[in-house]
Amino acid sequence: MDEIKELLTTRQYTSLRQKMAEMNDADVAVLLDGLEEEDMLKVFRILPKDLAADVFSYLEVENQQMIITSLSERDAASIIDNLMADDATDLLEEMPASIVKKLLANASPETRRDINHLLRYPEESAGSIMTVEYVDLKENLTVEEAIARIRKVGVDSETINICYVLDSQRKLLGTVALRYLLLSSPEEIIGDIMHENVIALNTMTDQEEAAAKFKKYDFTTMPVVDNENRLVGIITVDDIVDIMEEEATEDIEKMAAIVPSDKPYIKTGVFETFKKRIPWLLLLMVSATFTGQIIGHFEDALSICTVLTMFIPMLMDTGGNAGGQASVTVIRGLSLGEIGYRDTFRIIWKEARVALLCGITLAAANFVKLMLLDRVGLMVSLVVCLTLVVAVLIAKLIGCTLPVLAKRLGLDPAVMASPFITTIVDALSLMVYFQFASGLLGLQ
């Protein structure tokens with residue numbers, strides 16, 4: 001970085017251009033993202049045209065928008081033309097309509113067609129993230145003819161490792177790997193050596209489901225077909241990595257009671273961050289008033305045996321933590337497809353046994369502490385310890401069932417995470433606590 005800045009400061013643009021040309025595209029993008037806007041534009045403008053488009057696809061979205069709007073319409077259209085269709089579409093989806101209109105007007109007809117094609121599909125569908133740059137072959141071609149076609153069209157394709165065999169109606173018949181073409185006799189027919197059992201995605205398949213299929217089959221690329229099995233695009237593993245990161249980030253934010261954001265934390269403004277966090281905080285604050293009402297209802301009992309008050313935070317925290325453990329485990333299992341609604345009773349049975357083991361262990365440890373250190377008396381100790389066992393059991397059962405129920409209702413299970421479950425468990429734990437106190441201590 002220091003060397004780049006020095007070359008910029010001393011205006012050694014030829015050396016800078018040569019230095020950049022020797023670097024990896026992704027490394028150049030990281031370097032550009034770390035520069036001030038003025039310096040970023042200077043460096044980008046001196047990049048060779050073929051390198052500029054490759055580097056552009058790795059830049060942060062905000063920097064892409066800044067660069068594309070600072071270039072002339074002709075230069076901007078040139079960048080769009082040299083981007084893969086899926087990358088160009090992602091960029092244009094984030095830009096104002098007026099700028100998109102100008103860019104498309106100056107782009108090549110092929111680029112406009114491909115981008116408009118991708119923009120038709122719903123957000124977060126396989127159709128919206130696919131690319132239309134792939135190598136297709138006819139089944140009656142010879143291996144020699146197929147390799148000749150790859151040489152002709154492969155330079156503009158996302159990948160040439162896997163080629164797709166189509167019939168005259170562009171229906172997907174099979175696939176053939178480049179290595180098989182290289183190892184096969186030039187006279188062999190593609191239809192004879194192609195792999196016919198093709199696993200494909202539909203254009204309307206959710207991107208999270210698409211990512212799960214990549215993981216299941218360990219693919220680096222998958223074809224995307226329409227309802228009539230016509231090939232319309234492909235998805236490559238680099239897009240899937242971005243999706244998995246995006247989905248994981250979204251789940252983590254929801255589990256922390258935050259409205260998901262598309263921007264990195266550092267680049268999200270204070271007010272925007274506030275808007276993402278305040279809705280759930282307000283909801284949880286209002287719902288927590290039930291806890292206060294329960295305490296108020298048993299105010300007389302607490303005034304008679306004030307020592308009960310000191311254990312309320314411990315019981316609520318323990319219950320919330322126990323519920324959070326169960327919910328996070330189940331939510332992750334649902335996200336990975338390891339468990340489903342059909343496993344509900346198995347999950348409940350397992351968590352019930354875990355809860356009893358955890359509750360009894362916590363209660364035993366707490367009983368020793370209450371008797372030896374706190375010296376609160378046998379009956380109070382029993383009230384606290386019995387509440388611990390029941391609270392942990394309730395918390396884990398709620399923590400494991402709510403995410404499964406949410407998934408069944410078509411909601412995101414991550415919403416039913418720690419903050420939401422903790423609020424419910426707190427109220428139930430207090431009710432159990434005061435019921436045991438009323439029964440064992442004779443409080444009303």
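Let me begin with burial: a residue counts as buried under 20% relative accessible area, as exposed over 50%, and as partly exposed in between, with a 1.4 Å probe and protein chains only. The structure before you is a predicted model, in which local features need pLDDT of at least 70, side-chain atom pairs count only at pLDDT 80 or more, and totals for chains, interfaces and linings use all residues. Residues are numbered from 1 along each chain as its sequence is written, and side-chain values use heavy atoms, without hydrogens and water.

I turn to the salt bridges, each defined as a side-chain nitrogen of Lys or Arg within 4 Å of a carboxyl oxygen of Asp or Glu. The structure holds 7 of them. In one, D226 meets R230 at 3.1 Å, N to O. D226 is buried, because its relative accessible area is 15%, whereas R230, at 32%, is partly exposed. R230 also forms a salt bridge with E228, where the closest N and O atoms are 2.3 Å apart. E228 is partly exposed, at 44%.

Another salt bridge pairs R170 with D136, at 3.1 Å from N to O. This pair links distant parts of the chain, 34 residues apart: R170 lies in the loop between β2 (162-166) and β3 (172-177), and D136 in strand β1 (136-138). Strands here are DSSP runs of E with at least two residues, and helices are runs of H or I with at least four, numbered from the N terminus. With a relative accessible area of 13%, D136 is buried, while R170 is partly exposed at 31%.
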